[in-house]
Amino acid sequence: MFINHNPFALNASNQLLKTTNAISKRFERLSSGFRINRAADDAAGLAISEKMRCQINGLNQASRNIQDGISLIQTAEGALAEIHAILQRMNQLAVQATNGTYNDEDRSHLQNEFDQLSSEIDNIAHTAKFNHILLFDGSFSRDIQTGTDASSVLNITMGDMTKEKLFNTDGGAGIGITGASVTPNMVNGDYIVRVSKDADNDFFIDVTGWVFNRFGRKVNASESSFSVNRVDGQLYTLTVNFDYNSLQEGQVVVRVNNGTATILQPFEVSIDTLQNAQSSMAKIRNAINIVSAERARLGAYQNRLEHTLNNVQHYAENLSASESRIRDADMAKEMTELTRSQILAEAGKVMLAQANALPRFVLKLLE
């Protein structure tokens with residue numbers, strides 16, 4: 001028997017220490033809810049869990065991004081719906097103005113409302129904003145981040161909804177067309193004169209709105225006018241004057257009225273005369289088609305984003321479940337292990353007390 005060393009007590013003490021450490025870990029896991037609280041608990045598991053957390057946090061933010069994108073589209077679509085309503089009313093006024101029971105004085109009264117409606121289209125186009133970002137001035141192009149990768153984006157663009165764009169296409173003052181003239185008996189109406197360039201940067205001019213025998217004729221610097229004739233034998237001639245040095249791509253409208261020709265901005269619409277009302281009807285219908293196409297495109301964006309949102313949310317949900325299986329504590333299992341360790345700790349205390357009592361038997365030998 002030995003008194004300087006007590007291997008029984010040392011063994012019991014070591015076992016009790018292990019049991020105490022196990023209890024400490026069980027308490028930590030039960031109180032935190034995590035199986036991995038530090039890298040030492042499971043180094044590989046921690047690394048995998050942190051990568052998954054990065055994905056999950058990114059997907060949760062992407063989900064919010066997508067919802068913001070949907071809100072943006074809904075805001076824009078609401079503004080376009082109002083522009084549609086305005087255009088429908090303008091079309092109604094134009095049809096009303098073409099009725100033979102009205103004279104130009106009556107049409108001037110209709111023109112008052114027509115002008116206000118036209119101005120309101122511009123007001124909406126120039127003031128519709130989302131988070132102080134203009135939507136319909138022609139410059140809107142934004143990427144919605146829909147995932148955790150840099151490539152996971154949806155680019156959303158919105159067209160120019162100003163009246164200049166709605167009531168015709170590019171062009172107007174400044175493209176180098178300086179005037180026009182016609183033969184006296186040319187049919188009244190609006191004719192579009194278009195300037196374009198080819199691959200060699202040569203200018204071409206063509207006219208639409210009537211049957212002419214020249215389309216897209218090349219012009220050169222030595223010319224200052226361009227003439228076209230009817231193809232049906234009628235000698236009706238439209239002559240367009242231009243300054244070659246200031247020519248630009250675009251178009252203007254030549255309005256012919258009783259032998260006179262006037263250069264107009266292509267977007268000009270009015271119903272103050274029968275002829276103007278008849279001409280404006282086609283432009284309004286075209287504007288309605290432009291807005292319809294834009295709304296359809298926004299609707300397609302929204303439908304895609306809603307599906308993307310569902311996918312991202314399911315993805316984040318499944319990743320969270322996977323990360324939970326790696327990092328979270330199994331509470332039932334941990335409670336079972338805690339109970340086991342507590343019983344062992346109690347037994348260890350008793351055994352340590354017994355082992356510490358063994359050296360006292362040496363006193364029996366000394367009596």
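Biologist: What is the handedness of the crossing of α1 and α6?
Modeller: Left-handed. One thing before we go on: this is a predicted model.

Biologist: Noted. At what angle do α1 and α6 cross?
Modeller: Roughly 155°. Helix α1 covers residues 7-32, and helix α6 covers residues 331-357. Their axes come within 8 Å.

Biologist: So are α1 and α6 roughly parallel or roughly antiparallel?
Modeller: Roughly antiparallel. An angle over 145 degrees counts as that, so α1 and α6 qualify.

Biologist: What classes of residue make up the contact of α1 with α6?
Modeller: There are 16 nonpolar, six polar and five charged residues.

Biologist: New pair. How do α2 and α5 pack?
Modeller: At an angle of about 165°. Their axes are 7 Å apart. That angle makes α2 and α5 roughly antiparallel, therefore. The crossing of α2 and α5 is left-handed.

Biologist: And how do the residues in the contact of α2 with α5 divide?
Modeller: Into 34 nonpolar, 17 polar and nine charged.

Biologist: Let's talk charges. How many salt bridges does a search of the whole structure find?
Modeller: It finds 16. One of them joins E323 and R53. The closest N and O atoms of that pair are 3.0 Å apart.

Biologist: Where in the chain do E323 and R53 sit?
Modeller: In distant parts. E323 is in helix α5, and R53 is in helix α2. They are 270 residues apart.

Biologist: Back to α2. How does α2 pack with α3?
Modeller: At about 160°, with the axes 10 Å apart. Helix α2 spans residues 43-97 and helix α3 spans residues 104-127. So α2 and α3 are roughly antiparallel to each other. α2 passes α3 in a left-handed crossing.

Biologist: Which residues of α2 and α3 meet?
Modeller: On the α2 side they include I83, I86, L87, M90 and L93. On the α3 side they include L110, F114, L117, I121 and I124. Charged residues take part too, among them E82 and R89 in α2 and R107 and E113 in α3. Overall, the contact of α2 with α3 has twelve nonpolar, two polar and five charged residues.

Biologist: How many bridges hold β11 and β12 in their pairing?
Modeller: Five, in the antiparallel sense. Strand β11 covers residues 250-257.

Biologist: Last topic. What is the order in the open sheet of three strands?
Modeller: β5-β10-β9, again with antiparallel pairing. The edge strands are β5 (177-182) and β9 (225-229), and each pairs on one side only. On average, neighbouring strands of this sheet are turned by 15° against each other, direction ignored.

Biologist: How many bridges do β9 and β10 pair over?
Modeller: Five, in the antiparallel sense. Strand β10 covers residues 237-242. There, T237 in β10 is the bridge partner of N229.

Key:
Residues numbered from 1 in each chain as written. Predicted model: local features only at pLDDT ≥ 70, side-chain atom pairs only at ≥ 80, totals over all residues. Heavy atoms only, no water. Axes fitted to C-alpha atoms, helices over the stretch in contact; angles between N-to-C directions. Helix = DSSP H or I, 4+ residues; strand = E, 2+ residues; numbered from the N terminus. Parallel < 35°, antiparallel > 145°, perpendicular 65-115°, else oblique. Left-handed = near helix turned anticlockwise from the far one by under 90°. Contact = heavy atoms within 4.5 Å. Pairing = 2+ DSSP bridges. Salt bridge = Lys/Arg side-chain N within 4 Å of Asp/Glu carboxyl O.
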